[in-house]
Amino acid sequence: MTHPDELLALDRRHVWHPFTQAKTAPDSVLIRSGKGAVVYGADGKEYLDLVSSWWVNLHGHAHPYIADAIAEQAHKLEQVIFAGLTHEPAVRLAQRLTSLLPDDLNRVFYSDDGSTAVEVALKLALQYWRNLGRPERRRYLAFEGGYHGDTVGAMSVGVSSGFYAPFEDLLFEVDVLPFPETWEGDAAVAEKEDRCLSALEAYIDRRGDETAAAIIEPLVQGVGGMRMCRAEFLQALVQKLRAAGGLVIFDEVMTGFGRTGDLFACLKAGVTPDLICLSKGLTAGFLPLAATVCRDPIYEAFLDTGFDKAFAHGHSFTANPLGCAAGLASLDLLMKEETRARIAAIEARHRKHMARLAHHPKVTRPRVTGTIAALNVEVEDSGYAAAIGPRLKAFFLENGLLLRPLGEVIYFLPPYCISDSQLDRSYDTLERALTTLTPHM
Ligand SMILES: *Cc1c(COP(=O)(O)O)cnc(C)c1O
């Protein structure tokens, strides 16, 4: 085995890490293995993975049930071209996903990751209207603070997330509406929602006939800072958009597969989108795979005797059998009674601790949706680049917690196998961080 120091030296020499300013970033932590909610450093240190490794892990690291399913599939069929051919894992996963999703969300288009799932949804929406002879419906509506991925279309609809200054010239024009961010004890929530819905009405009067689709992260905006909204708002929003004729895309790349307490945020909110984007938790964090699921009428608008109306889009690894096998195995675990119980228990634990932290002088906007809990730390500068972010991250790592504050926003988004005592310990460390780090500011 290569010595850890040598690996880290090679990493520094040859590897480019995502969302990282290598000149100032601390050295990467070399991870050797993982089990349950814990990953193990090469130096023997343990880190509790409170961010589910960028929100992908559901059932813990290296879960043997999923690892076995992938290994078994790899010995049978690792990959096959998906145009003109098909295979059992892809068919069964599509059948299972659509049986869990509401109404006539019946048709699955596979791709590779959250960004591609979003690109597929955006392209499907545009071509849907073109196929129906309505090419003037070509505009997209998005929401302030929304994030949808780092490819060009996904950046365009996520323009307000603020990460894309170098690429602005590339982005297509998108209409952006306010998002009624709320938290526990927020007295102004109804007022904020009214303001957002009025802005939507004004937009619909002006541009409703030109809208191809609106895209939103339902209930929780992830990268934007775990900004939460109420189900009531989503219901009103979808109703107004429908009345105006535009399609509704739910980007559930982060919120899918139990994160919000229900299987999907659309189920929790009681609304059905026209298209839904799924990835991250789809394979429980084992392999990259994504699905864009659409309602029957959308699929039907692509059917014709010629190729012109077909969706000319595909990726080399579309419906990779290993990813689909992992997805099926993950759903087996997710649907278990004990997993559902853990999800409910995590939410209850979050609520208990957040109710206490709400009184902390440095804490604002405590909020919980399902297994996701977040708060803002009171600081002078705010936003993704807030100075407190790296200091908090370093403190947590030092104390064995894998956390990645979004600027001044600290959040927990743990795998469902995390125990109550692991969560309690995490909240204790969080409180120590607040005491230790904030007086200096
Ligand atoms: C992470 C994320 C994406 C992008 O997914 P990638 O797999 O990183 O391309 C898109 N939408 C949301 C809501 C996300 O959280």
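The legends below describe close-up views of a predicted model.

View 1. Around the ligand lie W55, D113, G114, S115, Y147, H148, G149, E217, D251, V253, M254 and K280. The ligand taken alone exposes 380 Å², and the protein buries 84% of that.

**View 2. S279, in a loop between two strands.** S279 belongs to the loop that joins β11 (275–278) and β12 (290–295). Is S279 buried or exposed? Its relative accessibility is 5%, so S279 counts as buried, the cut-off being under 20%. The side chain of S279 reaches the backbone nitrogen of G114 at 3.3 Å. G114 is also one of the residues around the ligand. Apart from neighbours within four places in sequence, S279 is in contact with D113, G114, V253, F257, L289 and A290.

**View 3. Helix α3 and its buried face.** Helix α3 covers residues 64–76, which makes 13 residues. From first C-alpha to last it reaches 18 Å, close to the 18 Å expected at 1.5 Å a residue. Which residues of α3 are buried? They are I66, I70 and Q73. Seen down the axis of α3, these buried residues fall within an arc of 65°, so they line one face of the helix. An α-helix has 3.6 residues a turn, so residues three or four places apart point the same way. The buried residues of α3 pack against α4 (88–100) and α11 (321–334). P64, E72 and H75, on the other side of α3, are exposed.

View 4. Helix α12 runs over residues 337–357 and has 21 residues. At 1.5 Å a residue it should span 30 Å, and its end C-alpha atoms are 30 Å apart, which agrees. The buried residues of α12 are T339, I343, I346, E347, H350, H353, M354 and L357. Down the axis of α12 they fall within an arc of 140°, so they line one face of the helix. They pack against helices α9 (265–269), α11 and α14 (420–437), and also against strands β13 (363–369), β14 (372–377) and β16 (409–412). On the other side of α12, E337 and E338 are exposed.

**View 5. R139, a buried residue in a strand.** R139 lies in strand β5, which covers residues 139–143. With a relative accessible area of 12%, R139 is buried. What does R139 touch, not counting residues up to four places away in sequence? Its contacts are E173, D175, Y203, R207, E210, T211, A212 and A213.

**View 6. A244, a buried residue in helix α8.** A244 is part of helix α8 (residues 231–244). Its relative accessible area is 17%, so A244 is buried. Not counting residues up to four places away in sequence, A244 touches R137, I204 and G208. A244 and A345 are 101 residues apart in sequence, and their C-alpha atoms are 40 Å apart in space.

Key
Residues numbered from 1 in each chain as written. Predicted model: local features only at pLDDT ≥ 70, side-chain atom pairs only at ≥ 80, totals over all residues. Heavy atoms only, no water. Helix = DSSP H or I, 4+ residues; strand = E, 2+ residues; numbered from the N terminus. Expected span 1.5 Å × (residues − 1). Buried < 20%, exposed > 50% of the residue type's maximum accessible area, 1.4 Å probe, protein only. Arc of directions from axis to C-beta. Contact = heavy atoms within 4.5 Å. Near = heavy atom within 4 Å. Areas by Shrake-Rupley, 256 points an atom, 1.4 Å probe, with all protein chains shown as cover. Polar contact = N/O pair within 3.5 Å; in protein donor to acceptor, adjacent residues only side chain to side chain.
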